[in-house]
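Subject: Handover of a structure for your review

Dear colleague,

Please find below the structure that I am handing over to you.

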Amino acid sequence: MQLTPDDLIIAEWGGVRLNATIVFTWLVMALLVGIARLITLRLTDTDTPSRWQNLLEVLVSGMADQIAQVSQREPARFLPFIGTLFLFIAMSNILAVVPGFQPPTASVSTTTALALCVLIAVPLYGIAERGLASYLRTYLQPTFLMLPFNIIGEISRTVALAVRLYGNVMSGTVLAALLVSIVPFFFPVLMQLLGLLTGIIQAYIFAVLAMVYIAAAARSHADDPDPNAGEGRNDETETKEQQHG
Amino acid sequence: MDNIGLIGSVSILTAGLTLAIGSIGPALGEARAAAQALAAIAQQPDEANTITRTLFVSLAMIESTAIYCFVLSMILIFTNPILDRVLAVAAG
């Protein structure tokens with residue numbers, strides 16, 4: 001039994017090893033890019049878009065909606081990064097039901113790489129939104145004594161992101177392997193179905209947490225101290241929904 | 001009992017204890033969070049979307065301590081670094 005697809009060597013040429021993580025990451029990337037490219041080649045703006053274009057529109061507008069709700073700001077800036085994270089993790093978790101496919105997210109190296117992307121993206125968005133000095137000052141909030149704790153918090157939440165995703169996906173594959181040897185036929189199928197659900201939820205959670213971290217770093221100090229601002233916005237959407245209904 | 005058997009049995013015992021004790025807290029916490037969220041949805045069905053989203057995110061945060069314990073016990077059982085070192089010393 002193996003805990004990570006890193007140990008599964010698929011090909012080897014003169015010292016260069018190609019393990020299952022890399023191969024299946026490339027596969028997922030190729031699938032995502034290929035499908036998106038194929039669909040976007042034939043985009044139309046008629047009243048009857050193709051069903052594939054419809055699928056993409058639902059995905060993109062749904063992700064933009066979620067980002068707007070979580071971050072309470074214009075989603076266009078964050079959509080490329082957050083959407084890519086979500087689609088990649090969701091795709092590799094869904095494909096885990098395909099026999100022979102080793103989800104790359106069941107490897108610590110993949111999830112660490114994704115979490116490091118978030119770790120780097122947080123200060124980048126923060127500096128872009130509010131400037132270098134203003135962003136660095138958030139590390140000194142509420143007093144300069146909190147500086148080491150803020151830095152530790154930044155690192156520990158990155159570790160938590162990586163280990164959470166890895167642990168969830170890995171537990172699914174390990175459980176499936178164990179159950180196949182104990183109750184071979186029916187029960188593992190149910191666990192695979194449960195794995196589909198947790199896979200999607202974990203992809204969603206990874207994306208939402210990344211968004212929350214970025215939004216917290218990018219929040220300008222001006223709209224920070226007023227706790228009623230958020231509630232006011234909620235009331236507006238509520239009345240809007242009631243009007244629709 | 002020789003060293004290898006001792007390390008193996010202590011590792012397995014500790015892995016079981018880690019998972020058993022480590023899953024109590026998150027289980028209680030998740031149950032409480034879910035019960036509160038259900039009560040909140042029952043009171044305000046209009047806000048179900050927001051409540052569900054927040055519930056999922058907080059469940060993931062609560063769950064991560066249990067996941068740490070699970071990863072740790074998996075490492076202890078399947079890829080025990082100390083046992084590997086002892087085996088390497090014994091072989092070499």
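Helices (H or I, at least four residues) and strands (E, at least two) are taken here as DSSP runs, numbered from the N terminus. Please note that this is a predicted model.

Chain A

On that definition, chain A contains 8 helices and 2 strands. Chain A has 245 residues, of which 25% are buried. Among its contacts with a separation of 6 or more, 66% are between residues 24 or more positions apart.

A helix pair in chain A

Two packed helices are described by the angle between their axes and the distance between the axes. In chain A, helix H3 (residues 79–94) and helix H7 (residues 187–218) have axes that come within 9 Å and cross at roughly 165°. Angles over 145 degrees count as roughly antiparallel, and H3(A) is therefore roughly antiparallel to H7(A). The crossing of H3(A) past H7(A) is right-handed.

On the H3(A) side, the contact is formed by Ile82(A), Leu85(A), Phe86(A), Ile89(A), Ala90(A), Asn93(A) and Ile94(A). H7(A) contributes Leu196(A), Gly199(A), Ile200(A), Gln202(A), Ala203(A), Tyr204(A), Phe206(A), Ala207(A), Ala210(A) and Met211(A). By class, the residues of this contact comprise 14 nonpolar and 3 polar, with no charged residue.

Chain B

Chain B has 3 helices and 0 strands, giving the pattern α-α-α along the sequence. Its radius of gyration is 20 Å, well over the 12 Å that the globule rule gives for 92 residues, so chain B is more spread out than a compact globule. Along the principal axes, the C-alpha atoms of chain B fill a box of roughly 65 × 20 × 10 Å.

Of the 92 residues in chain B, 12% count as buried. Where contacts in chain B link residues at least 6 apart in sequence, 85% of them join residues at least 24 apart.

Where the chains meet

How many residues of chain B are in contact with chain A? There are 12, and they touch 15 residues of chain A.

With kind regards

Methods. Residues numbered from 1 in each chain as written. Chains lettered and ligands numbered in written order. Predicted model: local features only at pLDDT ≥ 70, side-chain atom pairs only at ≥ 80, totals over all residues. Contact = placed C-beta atoms within 7 Å. Rg over C-alpha atoms; globule rule 2.2 N^0.38 Å. Buried ≥ 20, exposed ≤ 12 C-beta atoms within 10 Å, placed from the backbone. Axes fitted to C-alpha atoms, helices over the stretch in contact; angles between N-to-C directions. Parallel < 35°, antiparallel > 145°, perpendicular 65-115°, else oblique. Left-handed = near helix turned anticlockwise from the far one by under 90°. Nonpolar A, V, L, I, M, F, W, Y, C, P; charged D, E, K, R; others polar.
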